[in-house]
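Visitor: Could you walk me through reading this one? I'd like the general idea each time, then the case at hand.

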Amino acid sequence: MAKSLLHSSTMSDVYLLDSGEIEKHRGSRSGSETILEREFSVLSQLNIERIPEVRGFDETAKILTMSRVGTHDLSDVLHDVPLFTVPHIMRDFFSDLSTIHGQGFVHRDIKPGNVMFNVGPHGVINYAGIVDFGMSLISNRKQNEPLAIGGTEPYTHPTQSSKKFKELRTQPGQDWFAAGRTMAHLLSGGSTPSFESLLNKDGGSGLLTDLKLRFRAAFQSAADECQPVLKLMQFALSPKASGEDALMELLELGMAATECLRENITGSWPHERGLTSFQSGSSERPKRHDVLLIVDNTGSMAPYVQQVKDAFDEIANLVGGRVDLRVDLWSLGDYSTGGEGQQAVVPLGQRMRADTFQESMKSMDASRDQYDEAEAYEVALQLAYLHHPKEFWTPRQSTRRSIVLVGDAYAHGWLGKFSPWGEIVSKARGRWDKNAERRGEPDPKIKSIYDDFCRRHPHYMTLDIQNAERDAYKEAFTEIQTRDSKGRTEDSSHVYVQGELFPHRPNYKKALERCVGQKHATIHTIGSGSNLVSSSFLKYVALHGKGTYTHVGSGELIIALKGIFASVDAKIFREFEKETMEHNPNTQALNSITTFVIDSMSDEDD
Ligand SMILES: Nc1ncnc2c1ncn2[C@@H]1O[C@H](COP(=O)(O)OP(=O)(O)O)[C@@H](O)[C@H]1O
Ligand SMILES: [Mg+2]
């Protein structure tokens, strides 16, 4: 069954299955199997609505299958959560946590990455529940069993993270410490490192002042009744909460907070969206970039697929910690099933962070059989914008969205009697009027798009190149027409091939329009090889996608990809560009991307 990677670390690999269930595999670290067994055991004993339900456990392979609880975790959506929904989130989250305690367990790994949400096309829909019970233990148990010590700073209570506390008994107060800090982080925003440094600055005084203001803004008229919630957060941030003797007080505060939320916050998730940005010093915040990377994975791309793999390591090093990145990776084939039921588009990873996406590449190799003459580029572009009946790509709300298409072919439907470029060029320059022997008025909108694209891509838009591509297009169309005259049926304009999955292929023009207009994405294309029909198609996509086109020679794909991933942050981009030019003074692979970055910076200044 097809599965796509959601998360990868030395502790676990988490996949989303086609069935909608979640599969968690042990990681490379020794002991990760014990932690997975513990998770299976704890989940089997708990009976709570908003936590994963066990569907199966493979004892030998150590694979836990469970229900999916939410689409995104709080670390993904921290800045997309509407402020007015925070009281409801806290009510439900605290209630779930106290139910876990009521059933005799301490979760012991409460942090943004383990608090789940559902996200739809219009943003965060609701709080979904709690996941990751690998650290969970029965309450009031000594922490001396294997792998019981550990946690994540700055959320985990210090009595869990040191061997010193082996003899200490687990206590729900540990979770309330982590929950108070997690919710304080939600209210104050920023990355985990910035939250941590605020926490350690002047005893957290700046953070505490900020927290109070944001608590009032979120709770409004319920702020007075819900003071215990603020107290819990304030106490969890204070140095005295870190001690062993603070655990009882943490538990009391947590229970009081749960109780007052239950009484005072009523009804369901508010529809009013309102403010979503919690962050004060937003200029300090890392730029957010959500990338959908679509890689043509058919045989001819083999050397490039290897480069994408290498690029991921380098991208992680370049932007790691400096750009808040999420990557979806799709492998693209042609339409045919090849009898194996292969799909035209296979998602290999979703909303992956830098450390995860390296892992997703393992399942990618350019081994997809090719049976059809053109690749399913338009299917990929359609899936990229679709959110009904299912959303395939779910970028965050306040983020730069980029679709990057890497390939050496073109969409079905691209080859027609007249090249789509002909229409653009003639509108941009003015239609040739035979009788008057001069050009008519250009279409101002098309002219500006076309001129802008030529300005940004001078070396790819010379007259010679445009003419050569036009000739190649005609030749390809004639060839296809002759070859397929028998294969084309009355009511269709494309060739049917055996095992074809999509009798009604999407229209690539419409798909482009929607990716830009509805999904608010910029589309970049990277071409390789010598097929002029392909490069003219990929340029056309970049023109409508308001992005860049780059043609890469051997070894250059890495440069182009790194450039696009870094394009959201001018400083990182400039550093990278400088370094690249030192090592590869002759490369053209950054030309159009550099212009794009300069343009976007001046847009931001406006
Ligand atoms: N049952 C689930 N439903 C939805 N997403 C999940 C589920 N389990 C894990 N995830 C996602 O995968 C990520 C990692 O899983 P987790 O169980 O937290 O592993 P780890 O122990 O390595 O932190 C989570 O942060 C969450 O985004
Ligand atoms: Mg986790």
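Visitor: What share of the contacts with a separation of 6 or more comes from residues 24 or more positions apart?

Guide: Two residues are in contact if their C-beta atoms, placed from the backbone, lie within 7 Å. Here, residues 24 or more positions apart account for 73% of the contacts with a separation of 6 or more. Mind that this is a predicted model: local features need pLDDT of at least 70, side-chain atom pairs count only at pLDDT 80 or more, and totals for chains, interfaces and linings use all residues. Residues are numbered from 1 along each chain as its sequence is written, while chains are lettered from A and ligands numbered from 1 in the order written.

Visitor: How many residues surround ligand 1, and which are the closest?

Guide: A residue counts as near a molecule if its C-beta atom, placed from the backbone, lies within 6 Å of it. For ligand 1 that gives 20 residues, with His 7, Ser 12, Pro 52, Asp 73 and Asp 132 the closest. Strands S1 (3-8), S2 (12-17) and S3 (22-26) each give two or more residues to that shell; strands are DSSP runs of E, at least two residues, and helices of H or I, at least four, numbered from the N terminus.

Visitor: Is Thr 580 buried or partly exposed?

Guide: Buried takes 20 or more other C-beta atoms within 10 Å of a residue's own, exposed 12 or fewer, partly exposed in between, with C-beta atoms placed from the backbone. Thr 580 is partly exposed because it has 18. This residue sits in helix H19 (residues 570-583) and touches Ile 559, Thr 587 and Leu 590, leaving aside residues up to four places away in sequence.
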